[in-house]
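Me: I should like to examine the structure shown below, beginning with the packing of its helices.

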Amino acid sequence: MSLKADCRSTKSFSRREVCSKHLVRHIYIHPSNRNFKVNAVFEAKKLPTVLTAEELLDKAFGRASKVGGRTPRERALNKLATVSNVLRDYFNKIIKSHPSYDNLPEFYKEMIDLVVGIRRIKKALAALNWANEMTQKIINKAVREIKGGKNPVLVLRSAYGRISSIIEQIDGELRFLNELKRTLREIPALTDEPTVVVAGYPNVGKSSFVAKVSTVKPEIASYPFTTKSIHVGYVEIGRGKRIQIIDTPGLLDRPLEKRNEIERKAILCLKHVANCILFIIDPTMDLEPQMKLLEEIKENFDVPVIVVYSKADLHDKRDLPAFSSVTGEGIDDVLKRIREVLKV
Ligand SMILES: Nc1nc2c(ncn2[C@@H]2O[C@H](COP(=O)(O)OP(=O)(O)OP(=O)(O)O)[C@@H](O)[C@H]2O)c(=O)[nH]1
Ligand SMILES: [Mg+2]
């Protein structure tokens, strides 16, 4: 039985289980899992900006400082009510702004896990939850004490001190959540339009092709791993229809466990998003590792693979369709082939 058939027959096959020495096979996933639902898209830009501990305390105590009352007792109770509302609303807003990470489509789940780690995010949100509960407990206790006749000024001062200490303890988590928005921004919001994922060795001209045919303008440079994350563009094909085209980081021919984080992003696109793969070979570079990578990809991802040569202006090899992003030669033929395969 072939390795691929072997993987498929293992119903409970999990990503981490060893199926062969070439770990690309570990991430084999049935095509039925590749479906995208637009309404389940994850958009990091919708995550709110998160205040630091100091800023949050300024906000809560600042708001409370504007609150008055006829007696010291009433003033203290009003201030505590304000701090309570500001903190509770703030924590709830931040916590609710995050999706249920476990219920996201697999692509986003794995991508977020790769880029930051879902457990790390959950830890930060749990810390906010903890701080929310603790601060409310402190405030409730202070209110009881004041109502029980204790000196309102002293009780308020003590409560402020304890609240500050709790919030300062989660400063790192607040900063992490703020940074998270920036980190996760690299994960694009994808649609469920017919999708071609462009793959190949580093430096073969993937980004140049995507830039030539689509709306996105990824960075292009003459060194490998120029593309470090995935870039999504769209090719207008008339009658309001589009093809989604994804530029991925270059892949080397090596097992998954040796792949770096940048390469793993490309693998996730191939695994979850591709309806078809455009595999670009640069015949001016060493062909053998590129052909080995192609075989790996054909074997492990159950979608049509279109194989083409890039940099047609630099060579005469024409046993495969060849295009040049510099002269434009062959570009239309490659697009035509993609449309045929995607049936659009
Ligand atoms: N002559 C010629 N050079 C090209 C062509 N396409 C790309 N290049 C050059 O090849 C180099 C790599 O191009 P990129 O488009 O960045 O390659 P890539 O596959 O996206 O590279 P990574 O993101 O690093 O994997 C750049 O110096 C490009 O200018 C082409 O059709 N002809
Ligand atoms: Mg690139």
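**Helix packing and ligand shell**

Reply: In this predicted model, helices H3 and H5 are roughly antiparallel to each other, because their axes cross at roughly 165 degrees.

Me: Which handedness does the crossing of H3 and H5 have, and how many nonpolar residues does the contact of H3 with H5 have?

Reply: The axes of H3 (residues 72-96) and H5 (residues 118-147) come within 10 Å, and their crossing is left-handed. The residues in contact include Leu77, Leu80, Leu87 and Phe91 of H3 and Leu125, Leu128, Ile139 and Val143 of H5. Beside five polar and two charged residues, the number of nonpolar residues in the contact of H3 with H5 is 15.

Me: Are H5 and H6 roughly parallel or roughly antiparallel to each other?

Reply: The axes of H5 and H6 (residues 152-169) lie 10 Å apart, and the two helices pack at an angle of about 175 degrees. Among the contacting residues are Ile138, Ala142 and Glu145 of H5, and Val155, Ala159 and Arg162 of H6. By class, this contact of H5 with H6 has 13 nonpolar, one polar and two charged residues. An angle over 145 degrees counts as antiparallel, so H5 and H6 are roughly antiparallel.

Me: Which residues of H7 meet H5?

Reply: H5 passes H7 in a left-handed crossing. By class, the contact of H5 with H7 has seven nonpolar residues, no polar residues and one charged residue. On the H5 side stand Ile121, Ala124, Ala127 and Leu128; their partners in H7 are Glu173, Phe176, Leu177 and Leu180.

Me: Which residues are closest to ligand 1?

Reply: The shell around ligand 1 has nine nonpolar, 11 polar and three charged residues. Of the 23 residues that surround ligand 1, the closest are Gly205, Ser207, Ser222, Thr227 and Gly250.

Me: Over which residues does pLDDT stay under 50?

Reply: The chain has a mean pLDDT of 88, and 88% of its residues reach 70 or more. Where pLDDT is low, the predicted coordinates should not be read in detail. The model has 47 contacts beyond four places in sequence for the stretch where pLDDT stays under 50, namely residues 1-39.

Methods: Residues are numbered from 1 along each chain as its sequence is written. Chains are lettered from A and ligands numbered from 1 in the order in which they are written. This is a predicted model: local features need pLDDT of at least 70, side-chain atom pairs count only at pLDDT 80 or more; totals for chains, interfaces and linings use all residues. Axes are lines fitted to C-alpha atoms, for helices over the stretch in contact, and angles run from 0 to 180 degrees between N-to-C directions. Helices (H or I, at least four residues) and strands (E, at least two) are DSSP runs, numbered from the N terminus. Angles under 35 degrees count as roughly parallel, over 145 as roughly antiparallel, 65 to 115 as roughly perpendicular and the rest as oblique. A crossing is left-handed if the near helix is turned anticlockwise from the far one by less than a right angle, and right-handed if clockwise. Two residues are in contact if their C-beta atoms, placed from the backbone, lie within 7 Å. Ala, Val, Leu, Ile, Met, Phe, Trp, Tyr, Cys and Pro count as nonpolar, Asp, Glu, Lys and Arg as charged, and the others, Gly among them, as polar. A residue is near a molecule or strand if its C-beta atom, placed from the backbone, lies within 6 Å of it. pLDDT is the predictor's confidence in each residue, from 0 to 100.
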